[in-house]
Amino acid sequence: MAEVPSVDQAVTLRHISINTVTFADLRAALGAGVRDFLRAPLMGLFFGGIYALAGLFIVYALTALHAPYWVIPAAIGFPLIGPFVAVGLYEISRTLEAGTPLTWRHVLLVMFESRKRELAWMAFVVLFIFWFWMYQVRLWLAIFLRMQSFSSVEAFVVVVTTTPEGLAFLTVGTLVGAALATVLFSVTVIAIPLMLDHDPDFITAMIASVRTVLQNKVVMLAWGAFVAITLIAAMLPLFLGLLVALPVLGHATWHLYRRAVTVAR
């Protein structure tokens, strides 16, 4: 396991170089992600399973609370917490890349010890944006649909797709949600694997991540859109697609980080 840098060795922005990323890099990273999944399939299925079970729990909880119309906004916003869930997958890829023995104990210990590092602050950032996502859905429900109650998900879908108020809610909510997702993607896509790899402070990591996205706007935003679409599609069959989609995308993101950033020590 990599050592945590001491104070005088701490990674700062001057140590971090942003590289140019191409669509060829995306294809290579995705291919490497598939290979990592095939090299450690049980671990990948384990982390994908945790994510899938969490999604099913949200659906069950909302149904039990007689608020089934929240299932769709919650499901759409659910991938926002994916980057932090993927920490274990990043560690698997890092270990395979280093050629060191890969064990459950090692991966789980790295995840457990991450709570003592600034990754915990990134968890707060991710969950705060997810909470804000759900709050803004409630706001638009109040403005456009006057907090109507719906007896089922089907009734909610009918209203938001066939009435002027529902279409306005859907349009505004989608635009605001896309903006929030873009912000979260920009501050985490490089930040979380960078923090796992070198343990800079979380502000430095977020700045490096945003700089990477800004320097490679088209390619990085295309990757973000691909990840979002893939995860949403994977949730449709009772979240079962996440068993494979999440680990492959998590591994691929690690390899994209390796291509996008160079850290000089």
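Begin by selecting Thr-204, which counts as buried in this predicted model, because its relative accessibility is 9% and the cut-off for buried is under 20%. With the secondary structure displayed, you will find Thr-204 in helix α11, which covers residues 202-215. Keep Thr-204 selected and bring up its surroundings: once the neighbours within four places in sequence are set aside, the residues in contact with Thr-204 are Val-11, Thr-12, Leu-13 and Ile-16.

Next, move to helix α7, residues 119-144, and pick out Tyr-135 within this helix. Tyr-135 has a relative accessible area of 45% and is therefore partly exposed.

The last stop concerns aromatic rings, of which six pairs are found when the whole structure is searched. Select Phe-46 and Phe-47, whose ring centres lie 5.1 Å apart and whose planes stand at 75°, so that this pair is edge-to-face. Which of the categories, buried or partly exposed, applies to Phe-46, and which to Phe-47? Phe-46 is partly exposed, given its relative accessible area of 36%, whereas Phe-47, with a relative accessible area of 3%, is buried.

Terms used
Residues numbered from 1 in each chain as written. Predicted model: local features only at pLDDT ≥ 70, side-chain atom pairs only at ≥ 80, totals over all residues. Heavy atoms only, no water. Helix = DSSP H or I, 4+ residues; strand = E, 2+ residues; numbered from the N terminus. Buried < 20%, exposed > 50% of the residue type's maximum accessible area, 1.4 Å probe, protein only. Contact = heavy atoms within 4.5 Å. Phe/Tyr/Trp six-rings, centres within 6.5 Å; stacked < 30°, edge-to-face > 60°.
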